[in-house]
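Look over the sequence and the model before reading on.

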Amino acid sequence: MSSWITPSVAVFLMLLGVIGSTASMYIIFEFRYNPGVLWFIVSMGTGAAWAFLFAMMTLISSPTITLILANFFWTVIPIAAVSLFLLAYEFVFNRTVSHRGAALVFSPVAVFFILTWFNPANMIYTSEYTVTSQGFLDFPQIGGIIHVLVTQ
């Protein structure tokens, strides 16, 4: 890694990504009722949120705030996956997904988000997830229930 990539430079570059994603959303917003466009906007929004949350987790040194931001950060990733699936579906079939269908595919993400806040039986955040006193989130490559399922 080059020495010029300091945490401050990384935060600046991540925040530049927020600007690009937000600009894309603004430019295409008037076409939101066309098939696929709404989900493109949502995926750009999740990209902006992803970059913003990661920048804030890097910038803010509070362990408590880092953990709060992490709850949102880990939820943005499956939102991006679901929105890209819906984008592809609407693009291929040239028809919009019903509100009920969208709610159905997003429901596991909502359940995951709720579980990140309550973390029953250390399902999401295990003892391998730690936040340092500087506010840096340290997490394993695979942890939680996924780790248990993979190692069995």
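## The second largest pocket

A residue counts as lining a pocket if it has an atom within 4 Å of one of the pocket's grid points. The model described here is predicted.

The second largest pocket has a volume of about 200 Å³. Its lining takes in Arg32, Tyr33, Asn34, Leu38 and Trp39. Glu90, Thr96, Val97, Ser98, His99 and Ala102 also belong to the lining. By class, the lining residues divide into 5 nonpolar, 4 polar and 2 charged. Helix 2 (37-59) supplies at least two residues of this lining, and so does helix 4.

## Aromatic pairs

How many aromatic pairs does the structure hold? There are 8. A pair of aromatic rings is described by the distance of the centres and the angle of the planes.

Take Phe72 and Phe113. Their ring centres lie 5.3 Å apart, and their planes meet at 50°. Planes under 30 degrees apart would count as stacked and over 60 as edge-to-face, so this pair is tilted. Phe72 sits in helix 3 (residues 63-93), while Phe113 sits in helix 4 (residues 99-118). The pair therefore ties together parts that are 41 residues apart in sequence.

## Exposure of the two rings

Are Phe72 and Phe113 buried, exposed or partly exposed? Phe72 has 36% relative accessibility, so it counts as partly exposed. Phe113, at 25%, also counts as partly exposed. The cut-off for buried is under 20%.

## An aromatic cluster

Four aromatic residues group together: Trp50, Phe54, Phe73 and Trp74 form one cluster.

Terms used. Residues are numbered from 1 along each chain as its sequence is written. This is a predicted model: local features need pLDDT of at least 70, side-chain atom pairs count only at pLDDT 80 or more; totals for chains, interfaces and linings use all residues. Side-chain values use heavy atoms; hydrogens and water are left out. Rings of Phe, Tyr and Trp (its six-membered ring) pair if their centres lie within 6.5 Å; planes under 30 degrees apart count as stacked, over 60 as edge-to-face and the rest as tilted. Helices (H or I, at least four residues) and strands (E, at least two) are DSSP runs, numbered from the N terminus. Buried means under 20% relative accessible area, exposed over 50%, partly exposed in between (1.4 Å probe, protein chains only). On a 1 Å grid over the protein atoms alone, a cavity is a set of points where a 1.4 Å probe fits but cannot get out, and a pocket is an open set with protein on both sides within 12 Å along at least five of seven lines; lining residues have an atom within 4 Å of a point. Grid points are joined across faces, edges and corners, and a volume is the space filled by probe spheres set on the points. Ala, Val, Leu, Ile, Met, Phe, Trp, Tyr, Cys and Pro count as nonpolar, Asp, Glu, Lys and Arg as charged, and the others, Gly among them, as polar.
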